[in-house]
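Q: Hey, can you walk me through this structure? I'm new to reading these.

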Amino acid sequence: MDIAFKFEAFSFNGICHTVALSLCPLIGQFDGIEPVCYSRNVDLAGNLIFQPATLIIDVVAIIMAAIMIYHIRSKYTAVGRKEIVMFFYLYMLTVFLEMFLITGIIPTSSPVYPWFTAVHIGLISATFWCLLLNGFVGFQFAEDGTPLSLWSIRISSLLIFLAVGAISICTFKNIGPFSYSKPAVLWAFYFIINGAAFLIYVVSQVVLVVNTLDDRWPLGDILFGTFFFVIGQVLMYIFSVFICDQVKHYVDGLFFGTICTLLAVMMVYKYWDSITKEDLEFSVGSKQNVWEVKELLGEDDLPNTYATQYGQSPHTLQSYGQQYHHHYEHPY
């Protein structure tokens, strides 16, 4: 099967002929656009499940997102903890809803399918927007963890979600100036706005690391995350038909795109974890021990005992405290 990728600006026609996005059954024409080659379905208890391999990856992505959220929430004093966890919650919700849409658990013929798809597309844009705003937390335009920082992300992400969701449902239903045959505005949000948010995030983090950190290793996390995301988009939107044909319809580009997106999100977590430190003295698990030691020992003896407790030399613990103090002045 020799089929070249066909790109059309401000139109999903070429893309939907290549890969089965959740919105493809709702745009282009009355009965949607069907991809040339897509992953075969399986019969599960009398129900047809589409994209079974991608369904497995979606389940893995939800589990991994839950694990990352747990570790982020356990770093009680890490800078930007409350802000970055919003991004992972949105990613988890997006994958969870996508799992129901692309597998046919919610049939495309169902009257609620357009509404769930609109919510899904709104969540995608809100996730990118939340990631973008998290890129500016390290610059301390607003102190992290404060109501200004948290609610500015929450409210603006909600507004993006509502706006893109409304544009989506209006496009699917031919309401007002929007039309499923000419979804230019929806295309612009789906690719241009979301892509710009991702690009600005990457550039801002590179600037942050170069200007504020002596350690350059976090740049590797940024580069790997960018690499995984870009490769995933290329495999999904350009080589999906080729992949599908070569592996006899067992998987398509959506499968590899989902894997690469998960890897990119994991690198976002790895990057955030590498540039944040936690002050053990103020963590919940060790707070009681600190007060007990202070009552029994003098101030000068505290570093020696505390270092022994954690298997470190007194010099190492003092260096760590100085590092965190410097880090807190420059949070990222």
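A: Arg81, for instance, lies in helix 3, residues 81–102. This is a predicted model, where local features need pLDDT of at least 70, side-chain atom pairs count only at pLDDT 80 or more, and totals for chains, interfaces and linings use all residues. Residues are numbered from 1 along each chain as its sequence is written, and side-chain values use heavy atoms, with hydrogens and water left out.

Q: How many helices and strands are in the protein chain?
A: The protein chain has 12 helices and two strands. From the N terminus on, the order is α-β-β-α-α-α-α-α-α-α-α-α-α-α.

Q: Back to Arg81, is it buried or exposed?
A: Arg81 counts as buried because its relative accessibility is 16%. Buried means under 20% relative accessible area, exposed over 50%, and partly exposed in between (1.4 Å probe, protein chains only). Of the 332 residues of the protein chain, 46% count as buried.

Q: And what does Arg81 touch?
A: Leaving out residues up to four places away in sequence, Arg81 touches Ile72, Arg73, Lys75, Tyr76 and Trp272. Contact here means heavy atoms within 4.5 Å.

Q: Ok, helix 2 next. How many residues does it have?
A: Helix 2 has 23 residues and reaches 34 Å from its first C-alpha to its last, close to the 33 Å expected at 1.5 Å a residue. That expected span is 1.5 Å times one less than the number of residues.

Q: What do the buried residues of helix 2 pack against?
A: They pack against helix 3 and helix 9. Among the buried residues of helix 2 are Ala53, Ile57, Ala61, Ala65 and Ile72.

Q: Where is Met64, and why does it count as partly exposed?
A: Met64 is in helix 2, and it counts as partly exposed because its relative accessibility is 24%. Leaving aside neighbours within four places in sequence, Met64 is in contact with Leu262 and Met266. Met64 and Met92 are 28 residues apart in sequence and 9.1 Å apart in space, C-alpha to C-alpha.

Q: New topic: which residues touch the most other members in the largest nonpolar core?
A: Of the 75 residues in that core, Phe12, Leu21, Leu23, Phe88, Phe172 and Tyr190 touch the most other members. Helix 3 gives the most to this core, with 13 residues. A nonpolar core is a set of buried Ala, Val, Leu, Ile, Met, Phe, Trp, Tyr and Cys residues joined through side-chain atoms within 4.5 Å.

Q: What does Phe172 touch?
A: Not counting residues up to four places away in sequence, its contacts include Leu23, Pro114, Ile121 and Leu186.

Q: Last one: how much space lies in the largest pocket?
A: About 1000 Å³. On a 1 Å grid over the protein atoms alone, a pocket is an open set of points where a 1.4 Å probe fits, with protein on both sides within 12 Å along at least five of seven lines; lining residues have an atom within 4 Å of a point. Grid points are joined across faces, edges and corners, and the volume is the space filled by probe spheres set on the points.

Q: Which residues lie nearest its centre?
A: Of the 48 lining residues, Ile124, Phe128, Phe229, Gln233 and Thr261 lie nearest the centre of the largest pocket. Helix 7 supplies the largest share of the lining, 10 residues.

How values were computed: Helix = DSSP H or I, 4+ residues; strand = E, 2+ residues; numbered from the N terminus.
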